[in-house]
Amino acid sequence: MNYSAFSTPAGMSRRHFAKHMAGSAAIASTAFTFGNAIAANADQLRKNRKSAILLWMGGGPSTIDLWDLKPGAPTGGSFRPISTTGDMQISEHLPMMAQQMKHMSIVRSMSTREADHNRGRYYMHTGYVPNPNIEHPSYGSVIAHELISQRPDLQIPPFVAVGGAGAGPGFLGMAWAPFSVTSNGRIRNLDMKIDDKRLMQRVAALDLIESGFVKQTRPGAAGAGSPAGEHQKVLRKTLDLMTSDQMKAFKVEQEPEEIKQRYGTTGFGQGCLLARRLVEAGVPFVEVDLGGWDNHDGIFATLADRKLPELDKAMSALVEDLAQRELLQDTAIIWMGEFGRTPRINQGGGRDHWARSWSVVAGGAGLKGGLAVGQTSSDGTEVESEPFSAEDLMATVCKGLGISLETTYTSKNGRPMKIAGGGKLIQELLA
Amino acid sequence: MRTFHTSTLLVGTFLACAATFAGKSACAAEPTLPPQVAEINAAIEQQWRDYEIKPAPDADDATWCRRVYLDVIGRIPNMKELEQFVQDRSKDKRAKLVEMLLEDDRYAEEYAGHWATVWANILIGRSGGQERDSLTSRDGMMKYLRDTFAANKPYNQMVYELVTAEGSTKPGTEGFNGATNFLADKVNAEDAVLATSSTSRIFLGLQVQCTQCHNHPFNQWKQQRFWDFNAFFRQTRALRRFVSGTNDVDHAELVNEDFAGQANDPSDALIFYELRNGLVKSAYPVFIDDTAIGTSGYVSEVNRRQELGRLMMESPYLDKMMVNRFWAHFLGHAFTKPVDDLGPHNVPTHPDLLEYLGTEVRKNSHDVKELIRWITLSRPYQLSARHTTINEVDDPSVGETPKFSHFYLRQMSAEQLYQSMVTASGATAAGSYERQEQQRRQWLQQFVVAFGTDEGDEATTFNGSIPQALMLFNGELTNQAISDRDGGFIKRVMAENKAPRDRVNHLFLAGLARRPTRDEGTIATKLLVARGGNEVAMLQDMWWAIINSNEFIMQH
């Protein structure tokens with residue numbers, strides 16, 4: 001056994017040391033992979049690398065009041081439509097987004113079946129309905145998994161969830177779980193406050209215990225997929241992150257004041273700004289959460305006074321900023337929640353859960369902007385064109401990101417599973 | 001040399017207790033076990049035969065001791081407790097240990113605290129009572145639950161009290177009744193929809209949240225049932241009580257008020273709900289087994305929640321739900337997935353066993369400690385976590401239904417980790433109980449993430465992901481645990497042992513309930529050299545490695 005951690009020359013940098021360890025790699029059953037060697041042609045890679053940002057509206061937003069208004073209908077509510085820079089109208093409470101709609105398209109013919117929060121959240125995040133026997137990987141885990149090869153120098157987690165929990169990695173394993181941070185990008189417990197050499201010596205001792213436990217509980221397959229083995233993988237990613245100067249991407253407070261103001265000094269605003277910084281740093285998937293859309297009571301005041309101004313400012317800033325930095329062509333933006341809300345306005349002046357006819361917004365990464373795809377009936381209760389599902393949306397986004405729809409995973413129980421649940425492409429969105 | 005001696009003894013005992021393959025460990029099985037244990041074993045073993053699975057051997061004594069401490073009182077055993085158990089040569093030592101944790105006064109407080117924590121998370125979530133404008137008092141909830149488990153109150157009695165409670169939520173206020181905290185934040189909004197879905201799901205295993213708005217295709221519950229059940233909660237309000245002279249909510253009072261119904265006739269207080277197509281239908285309080293109660297909305301004539309509590313106490317779903325939840329707590333998987341869905345569309349893995357145990361808890365007056373005895377002494381709970389070719393098909397993580405042929409590895413909860421760190425190394429805040437409890441809660445809160453829905457859904461980042469790893473690498477709790485301060489754990493280990501080797505042994509036994517391997521001993525020596533012979537610094541490094549390991553964080 002070679003405890004290389006104990007024979008490192010003094011004065012080595014932490015990262016240098018990490019590579020050194022990866023080279024000798026004799027302690028663990030599998031080699032440490034602190035920061036892979038940087039590929040020769042990093043610039044070329046950076047040029048082509050794709051990313052996605054999911055704006056997740058927890059609670060189920062009332063898309064009939066945002067993106068697909070029905071003025072005059074009994075279900076229409078009190079908001080009026082306004083014109084946009086795209087070929088559609090949207091809510092009067094989204095004036096800044098109206099200026100950016102040339103970059104984004106609305107799919108107005110979403111029709112799904114899951115109108116419970118947990119089921120809807122799972123379905124929209126994975127393209128699969130919940131199944132007690134299997135945990136499907138979410139959007140973020142899948143896209144991070146598929147796009148990681150475009151950024152061999154990435155040292156921070158490839159899937160970051162801002163201001164929420166994100167959705168899980170399912171059978172892809174904890175190494176693909178979302179790295180969950182608050183919208184101000186502050187990460188707790190990042191600094192160990194001991195010197196690098198001692199850190200690595202501690203890690204050597206730790207790894208010995210880890211590997212022994214994996215062998216003991218799962219002797220056959222070297223711990224593949226077992227909780228003990230997954231733990232080991234996450235520790236490596238954690239060390240990677242602790243020792244990386246790419247972590248400065250999280251320092252959203254270093255942005256110029258006027259940019260912070262443009263995004264809005266709300267949690268969601270700063271979260272969107274953080275998403276842009278992370279994408280710039282090479283993170284392939286960022287989810288930013290904005291909750292509070294479960295408006296069973298008094299929906300119109302809540303939307304007009306609170307939710308829509310916050311959303312409008314932040315989302316329009318994100319689209320505009322990415323476009324100006326020429327990042328939008330490689331970055332998909334998806335805006336959605338677990339479902340829409342009932343066209344019928346209930347006794348409490350609210351709207352309830354509704355999955356049958358609702359809207360999502362998507363753009364960037366080669367998806368066409370400025371369109372309204374599909375249409376609903378005059379009262380919003382039915383889809384009157386080809387209906388689209390979570391699978392279809394995910395397939396279309398993957399296509400825009402250059403991910404092959406023939407990609408197939410094998411779940412832990414040996415079942416082959418097509419990426420995006422075998423969804424069909426929403427052709428109108430593709431150039 | 002005292003500790004060195006006992007360590008040697010430990011090794012000897014490990015060998016003496018090595019499990020035999022037939023599964024009857026020399027240290028377990030006694031004829032005096034409760035008859036329910038044999039019934040559990042028979043049902044579980046029958047399925048092994050059906051699936052041609054061979055179970056894992058029994059876990060060694062030290063591992064099992066760690067396991068049972070974690071599950072019954074919420075923390076790992078300390079060195080003394082571990083040694084005491086391993087050195088015990090009696091044949092019924094496992095039963096004796098369970099008995100001690102359940103009944104000995106020394107553990108009464110920890111037992112009650114642990115189960116109160118587990119149940120508070122079930123009843124009000126990890127975020128309940130943490131928001132400033134919340135009507136829930138987490139202290140009040142915990143106090144009620146601690147008293148309940150300390151007194152070993154019958155489970156169905158607890159359910160009755162939670163469902164029917166009236167009074168103030170906050171300890172120290174007039175009319176305090178901590179049981180009110182279960183419903184305090186669930187009755188006011190949206191016609192008590194959350195009270196309806198939580199009560200039926202948590203205690204009866206009936207998932208009704210989807211049927212609020214429509215008839216669900218996979219769920220036998222219809223929309224009518226939902227609103228029938230909901231009608232039981234419509235006399236109930238949570239009234240805000242303010243800090244005098246301010247607009248800050250101090251606490252809430254859960255009260256029953258006469259309910260006029262939506263047709264404004266208290267003698268026949270019906271409610272309305274809307275079908276998807278806009279048609280309006282009416283509902284009265286009707287229990288899941290079709291038992292209807294009086295339709296009056298006057299509390300003096302019909303106290304709807306008391307009627308509901310009474311009906312729930314008699315429901316076989318309540319019995320099965322109790323069994324399913326406690327089984328899942330100890331074995332890592334319930335008889336159904338999820339644990340709180342006993343609907344007819346969701347067939348249990350061991351339906352007869354679940355049925356039988358449901359009947360038995362009722363016969364035994366819903367005695368929680370009795371159920372804990374049956375489960376912890378049953379054969380599946382004795383097995384090691386070793387996953388081998390002879391039981392590899394039994395892997396619920398790949399979607400197979402659990403057969404309980406080996407112990408399923410699972411991560412400790414954040415709460416168990418906290419208590420274990422405190423036990424293992426005295427890493428705790430000084431000060432009063434309240435101060436300590438506040439620190440514990442603050443620490444736990446860092447892992448809670450809300451989903452932004454009205455149903456208060458939440459997730460935890462204490463799930464084996466990077467934030468958790470960072471916390472254990474660098475967090476304050478770890479720094480306290482490995483601190484070299486006087487009177488701290490490391491200094492105590494120094495004082496209590498003479499030789500460096502014994503000190504390292506001490507760390508491994510305290511953290512992992514085993515001695516170090518030869519390689520681990522070697523690396524300790526290397527660390528000692530690397531630290532320039534500073535033994536305290538070496539022990540700090542080693543202890544850091546131990547508490548960060550998968551072996552420490554896993555229940556196994």
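**Figure 1. Trp56(A) has Met336(A) as its bridge partner in β8(A).** These two residues sit in β1 (residues 51-57) and β8 (residues 331-337) of chain A, strands that run parallel and share seven bridges. Here, strands count as paired if DSSP finds at least two bridges between them. Helices (H or I, at least four residues) and strands (E, at least two) are DSSP runs, numbered from the N terminus. Helix α9 (residues 267-281) of chain A packs on the sheet and touches β1, β5 (159-162), β7 (285-290) and β8 of chain A. The direction of α9(A) makes about 180 degrees with that of β7(A). Such angles run from 0 to 180 degrees between N-to-C directions, and axes are lines fitted to C-alpha atoms, for helices over the stretch in contact.

A quick note before the next views: this is a predicted model, where local features need pLDDT of at least 70 and side-chain atom pairs count only at pLDDT 80 or more, while totals for chains, interfaces and linings use all residues. Residues are numbered from 1 along each chain as its sequence is written, and chains are lettered from A and ligands numbered from 1 in the order in which they are written.

**Figure 2. Zooming out, the sheet in chain A is open and has eight strands.** Reading across, the order is β6-β5-β7-β1-β8-β11-β4-β12 (chain A), and the pairing is mixed. At the edges you'll find β6 and β12 (372-373) of chain A, each with a single partner strand, so one side of each has no neighbour in the sheet. In total, chain A has 11 helices and 14 strands.

**Figure 3. Helix α4(A) is largely enclosed by the rest of the structure, because nine of its 10 residues are buried.** "Buried" means that 20 or more other C-beta atoms lie within 10 Å of the residue's own (12 or fewer would be exposed, in between partly exposed), with C-beta atoms placed from the backbone. Among the buried ones are His117(A), Arg119(A), Tyr122(A) and Met124(A). The cover over them includes α5 (139-147), β8 and α11 (390-400) of chain A. For the chain as a whole, buried residues make up 57% of the 431 residues in chain A.

**Figure 4. Chain A meets chain B through 62 residues from chain A and 59 residues from chain B.** Residues are in contact if their C-beta atoms, placed from the backbone, lie within 7 Å. On the chain A side, the elements giving two or more residues are α4 (117-126), β6 (179-181), α6 (196-217) and α7 (227-242). The most come from α6(A), which gives 11 residues. By class, this side of chain A has 25 nonpolar, 22 polar and 15 charged residues. For these classes, Ala, Val, Leu, Ile, Met, Phe, Trp, Tyr, Cys and Pro are nonpolar, Asp, Glu, Lys and Arg are charged, and the others, Gly among them, are polar.

**Figure 5. Chain A splits into domain 1 (1-34 + 192-247) and domain 2 (51-185 + 251-429).** Those bounds come from an automatic or database domain assignment. The C-alpha centres of the two domains of chain A lie 37 Å apart. Where they touch, 10 residues of domain 1 of chain A are in contact with eight residues of domain 2 of chain A. The domain 1 side has three nonpolar, three polar and four charged residues.

**Figure 6. Over in chain B, helix α13 (residues 316-331) packs against helix α14 (residues 351-363).** Their axes lie 8 Å apart, at an angle of about 105 degrees. That makes α13(B) roughly perpendicular to α14(B), a label for angles of 65 to 115 degrees (under 35 is roughly parallel, over 145 roughly antiparallel, the rest oblique). Residues making the contact include Met322(B) and Val323(B) of α13(B), along with Leu354(B) and Leu357(B) of α14(B). Six of the contact residues are nonpolar, two polar and three charged.

**Figure 7. Strands β2 (residues 236-242) and β3 (residues 249-256) of chain B pair in the antiparallel sense over seven bridges.** Look for Arg241(B) opposite His251(B) in β3(B), and Arg237(B) opposite Val255(B) in β3(B). Six residues lie between the strands of this hairpin, where Gly245(B) takes a positive phi near 80 degrees.

Notes. Two residues are in contact if their C-beta atoms, placed from the backbone, lie within 7 Å.
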